[in-house]
Amino acid sequence: MYKMTDSKVVVFIDDEANNIRVMKRAFLSRSQWELHTFQLPQEAIDVFKAGDLDPELVITDQNMPVIHGYELLEELKISHPKTFRVLTTANAEIIHKISED
């Protein structure tokens with residue numbers, strides 16, 4: 001089981017190590033949040049499916065190898081319907097498509 005404290009769990013998924021470092025630094029002094037990071041989307045999905053994490057919030061990048069962020073969030077919606085989900089991207093076409101759905 002990943003949960004170590006009574007803090008609220010946040011999961012950040014991004015294939016770029018620099019983005020993970022920035023997020024870790026941003027959460028460093030926020031003791032009410034327990035941050036878990038994954039560089040591989042499939043690893044995060046496996047942890048969710050195993051029931052090892054029950055996150056309040058999941059933030060993921062859209063453009064990642066193998067599984068895109070939107071697909072990951074769709075899977076998460078099934079297993080963790082109450083979890084808040086945030087998709088980050090710099091791609092304007094994707095933003096438009098999601099806003100239409």
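A residue counts as buried when its relative accessible area is under 20%, and two residues are in contact when heavy atoms lie within 4.5 Å. With those terms, the buried residues of helix α1 pack against β1 (8-13), β2 (33-38) and β3 (57-61). The model shown here is predicted. Its protein chain has four helices and four strands.

**Overall layout**
- The protein chain has 101 residues, and 34% of them count as buried.
- Take the contacts between residues at least 6 apart in sequence: 68% of these join residues at least 24 apart.
- The protein chain has an accessible surface of about 6500 Å². Carbon and sulfur atoms account for 54% of that surface.

**Helix α1**
- Helix α1 spans residues 17-27, and its buried residues include Ile20, Met23 and Phe27.
- These residues sit on the same side of α1, because they cover an arc of only 65° around the axis.

**Helices α2 and α3 together**
- Helix α2 covers residues 41-50, and helix α3 covers residues 69-79.
- Their axes come within 11 Å and cross at roughly 5°.
- Angles under 35 degrees count as roughly parallel, and α2 and α3 are therefore roughly parallel to each other.
- From α2, the contact involves Pro41, Ile45, Phe48 and Lys49. From α3, it involves Leu72, Glu75, Leu76 and Ser79.
- By type, the residues of this contact are five nonpolar, one polar and two charged.

**The buried face of α3**
- Gly69, Leu72, Leu73 and Leu76 are buried in α3.
- Seen down the axis, the buried residues of α3 fall within an arc of 95°, so they line one face of the helix.
- The cover over these buried residues includes β1, α2, β3 and β4 (84-88).
- Leu72 and Leu76 also take part in the contact with α2.

**Phe38 in strand β2**
- Phe38 lies in strand β2.
- Its relative accessible area is 3%, so Phe38 is buried.
- Phe38 and Val11 are 27 residues apart along the chain, yet their C-alpha atoms are separated by 7.7 Å.
- Beyond its neighbours within four places in sequence, Phe38 is in contact with Val11, Phe12, Ile13, Asp14, Ile20, Glu43, Ala44, Val47 and Leu53.
- One of these partners, Ile20, is among the buried residues of α1.

**Two residues in the loop between β3 and α3**
- Met64 is placed in the loop between β3 and α3. Val66 is in the loop between β3 and α3 too.
- Met64 counts as buried, because its relative accessibility is 3%.
- Val66 is exposed, with a relative accessible area of 81%.
- Leaving aside neighbours within four places in sequence, Met64 is in contact with Ile13, Asp14, Asp15, Pro41 and Gly69.
- Among those partners, Pro41 belongs to α2, and Gly69 is buried in α3.
- The C-alpha atoms of Met64 and Leu40 are separated by 8.3 Å, while the two residues are 24 apart along the chain.
- Val66 is not a glycine, but it has a positive phi of about 70°.

Definitions and conventions
Residues are numbered from 1 along each chain as its sequence is written. This is a predicted model: local features need pLDDT of at least 70, side-chain atom pairs count only at pLDDT 80 or more; totals for chains, interfaces and linings use all residues. Side-chain values use heavy atoms; hydrogens and water are left out. Buried means under 20% relative accessible area, exposed over 50%, partly exposed in between (1.4 Å probe, protein chains only). Accessible areas come from the Shrake-Rupley method with a 1.4 Å probe; for residues, only the protein chains shown count as cover. Axes are lines fitted to C-alpha atoms, for helices over the stretch in contact, and angles run from 0 to 180 degrees between N-to-C directions. Angles under 35 degrees count as roughly parallel, over 145 as roughly antiparallel, 65 to 115 as roughly perpendicular and the rest as oblique. Ala, Val, Leu, Ile, Met, Phe, Trp, Tyr, Cys and Pro count as nonpolar, Asp, Glu, Lys and Arg as charged, and the others, Gly among them, as polar. The arc is that of the directions from the helix axis to the C-beta atoms.
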